[in-house]
Amino acid sequence: MNEEEYYVPEGTYWPIIGSIGVSTLFVGFANQMHGAEWGGSVMALGFAITVFMMFGWFGQVVNESTSGIYNKQVDRSFRWGMSWFIFSEVMFFAAFFGALFYARQLSVPWLGGADNNIFTPDLWNAFSASWHQMAFLAPGSVTDTALQSGTVMSFPVVPASGIETATPAMVVNPWGLPALNTALLLASGVTLTYAHHALRAGNRNQIVGWLVATIALGAAFLGFQIMEYGHAYQEGLKLTSGIYGSTFYMLTGFHGFHVTVGVIMLTVILYRVQKGHFNADNHFGFEGVAWYWHFVDVVWLGLFVFVYWL
Amino acid sequence: MTTATASHDDHHHGPEKGLMRWIKTTNHKDIGTLYLWFAFSMLLIGGALAMGIRMELLQPGLQLMEPQFFNQLTTMHGLIMVFGAIMPAFVGLGNWLIPMMIGAPDMALPRMNNWSFWILPFAGGILLSTFFMEGGAPAFGWTFYAPLSTTFAPDSTDFFIFAVHLLGFSSIMGAINIIATVLNMRAPDMKLMDMPLFVWTWLITSFLLIGAMPVLAGTVTMMLTDRNFGTSFFDAAGGGDPVMFQHIFWFFGHPEVYIMILPAFGVISHIIPTFARKPLFGYSSMVYATASIAFLSYIVWAHHMFLTGMPVAGELYFMYATMLIAVPTGVKVFNWISTMWRGSMTFETPMLWAISFVFLFTIGGFSGLMLGIAPADIQYHDTYFVVAHFHYVLVTGALWSIIAATFYWLPKWTGRMYNEGLAKVHFWWAVISVNVLFFPQHFLGLAGMPRRIPDYSLQFADFNMISSVGGFAFGASFILFTYIVVDCIRNGKPTTSRPWEGAKGLEWTLAPKADYHSFNKPPSRELIEAESQHS
């Protein structure tokens, strides 16, 4: 198609299939949470429809792209679309980072009596606000009697080693697995950039090598993350462990989910490289996934600094 | 080959036949039409709920319903109007108008455009279905504050949460599409500062949507896990904080109110120059004012929370930052007035709606300033004064501009002219009844009547009855509106390609009823300059 023509695709069924899939998924999920026996199966069905839609829709776009229908203008639209999609993802994480900062800097200190919170000493006189202690809130330690007697705040179950001096290392040592994971993700950013250089140089064997390395690093990251979750759960840091557990698992969990999606996307790109879909000038599919991967990388740096380290 | 338009051959896909046209469509006009009809049906449903609210409030005492059901009505009325009516209506207008205004054939990402729309009926269906669930629909107000929406909410809240997720997907995709369209599909000879203001305001609104909607998704996700998976984000018993909910919600919620009003500013900036027969006064200041409002909208959120016990420094900051918004908004209002100054004014229906917008939106803006003063807000907070304020900006602001836009561009959409006489009757009917409906609510609020309450003290009885009577009259005006629009589509007199003699803009260079795809060839620089709003 030449550069002076506009491209407008014909009608498509994929969006309505996607709407049906996603709605089925959500309705199933909601019913599952409310104890309906069929909730799980409906959820699985919705998920299957959604995956079917993604295969079909992306497949169609890939076919159109490889048959040379698209021009530079379409390419630019995809670029704008992907960049602002990633920005919307940044804002999604911003909500959870906002919750972390607010809880850590404002509401937990207030609970502990910071600024003129005159009620604290009367209500929770044994509570001292320390962010890392919050990690040891015992699940279910808020009993009915505590609620009735007005001592609502459950007290952290602090290890014998010290109440006042809880440190990040007492919760999850940042210089163990988290540091290793940081190195893995940063390295994967580098290998992916090498893959991009190889793509521009047109060397398919090198592209495949660097891409496989990137995928392996991402998968290793996920493996270690699962290991770390296992440790944390055994030590008693759970999703239900108060605000620390909530922010910890929601931030790292959503990040892990994004890494998983990223690994899947990289695998698809690897397949497409082997199929010969890309050339040195025309490989937006590769670049879009690379942007996404770097975004996931940057989010991790934020997590490492604010969730694990400080 | 699946290509459609091409500039050099005449082969040109028209619409498909039957229902499949609407389900499969990738055409910006079809999708715009779908959005507009969807928004209109949601407006009628949300309006019906409002009629229930006003009927209950017609007289003191519990007349018709349990308080719990009344709360479901107010909650669902707000949610449906915000997410089902106003936002989709503006996306519909954007779809219809932006490609025509920038000299493009269609939107940049037409298949995604289809999906942004076709998520909405599913999301709306899930939201409305909560009425029929055990425990009833959500009843915690459209702002769904924790812990009302977490600890104390009915099971249907989880369906509400997923509906909000879906609505968020839709809005984000719509916004991405508009940004890509404006930045990439614009006629090569149209510079950014040549763009009509509706395009500018929508571009800026898109940035608000992409920044704010994901935060809303995060908020409801935290609600979901607090409700079902034992997290403690909004629960002080686990070290969280219900006030944190309000901060995160309003970080979305305040940009959201500008999402609903910036495109309205754009619409008004088209209509007033047309019927004043003068170029828009202060075009570039309009653009900068819009951008300033959008920026400020991200840093004023806690003015909704003056009574949560924030530190005084926080209250002062949020108060002063809020006051600042009056400056760019004032720039806009004065620009509209200056555009009319010494113009050859005529008062066709769109102009009547536009002028009343300037009056009534300004009233809503001023009551907003009153609410933004932290010490004064201690008196006004959560009273009917707040209800009066946001209905002046949303009904006589956002909805007014949507109706104005409908009359202004209906000839271009249909190739036919509506019945001007009836439309004027409808305007006066609506503008009088809407003031009878909402103006007394200021007095009720100042006298201390709380919002979201099905019963009230006797001293509030008179104004409530006046307000309810105005409400029924305003509700009935939409019957006439529906008739006028349907009559125009079916029997309207064929019109010319430029039915308003003072109208400028690329859309008026198209056929009386615009072709299926707008511009197959980009318009020339001469044409763009000749159709510019501001030269």
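Student: What makes the link between the side chains of B:Glu420 and B:Thr349 a polar contact?

Tutor: The two side chains are joined at 2.7 Å, and a polar contact is a pair of N or O atoms within 3.5 Å, where within protein one atom must be able to donate a hydrogen and the other to accept it, and residues adjacent in sequence count only if both atoms are side-chain atoms. The 2.7 Å of B:Glu420 and B:Thr349 therefore falls within the 3.5 Å limit. Please keep in mind that this is a predicted model, in which local features need pLDDT of at least 70 and side-chain atom pairs count only at pLDDT 80 or more, while totals for chains, interfaces and linings use all residues. Residues are numbered from 1 along each chain as its sequence is written, chains are lettered from A and ligands numbered from 1 in the order in which they are written, and side-chain values use heavy atoms, leaving out hydrogens and water.

Student: Why is B:Glu420 called partly exposed?

Tutor: Its relative accessible area is 24%, and buried means under 20%, exposed over 50% and partly exposed in between, with a 1.4 Å probe and protein chains only; B:Glu420 is therefore partly exposed.

Student: Why is the pair B:Asp194 and B:Arg525 called a salt bridge?

Tutor: The closest N and O atoms of B:Asp194 and B:Arg525 are 2.7 Å apart, and a salt bridge is a side-chain nitrogen of Lys or Arg within 4 Å of a carboxyl oxygen of Asp or Glu, so the pair qualifies. The two residues are 331 residues apart in chain B.

Student: How do you know whether B:Asp194 is buried or exposed?

Tutor: B:Asp194 has a relative accessible area of 16%, and is therefore buried, whereas B:Arg525, at 21%, counts as partly exposed.

Student: What makes B:Glu501 and B:Arg277 a salt bridge, and what does the pair tie together?

Tutor: Their side chains meet at 2.4 Å, N to O, which is within the limit already given, so the name applies. The pair ties together parts of chain B that are 224 residues apart in sequence, because B:Glu501 and B:Arg277 lie in separate loops. B:Glu501 counts as exposed at 63% relative accessibility, while B:Arg277, at 27%, is partly exposed.

Student: Why does the salt bridge of A:Glu64 and B:Arg111 join two chains?

Tutor: The side chains of A:Glu64 and B:Arg111 meet at 2.9 Å, N to O. A:Glu64 lies in helix α2 of chain A and B:Arg111 in helix α4 of chain B, so the pair joins two chains; helices are DSSP runs of H or I with at least four residues, numbered from the N terminus.
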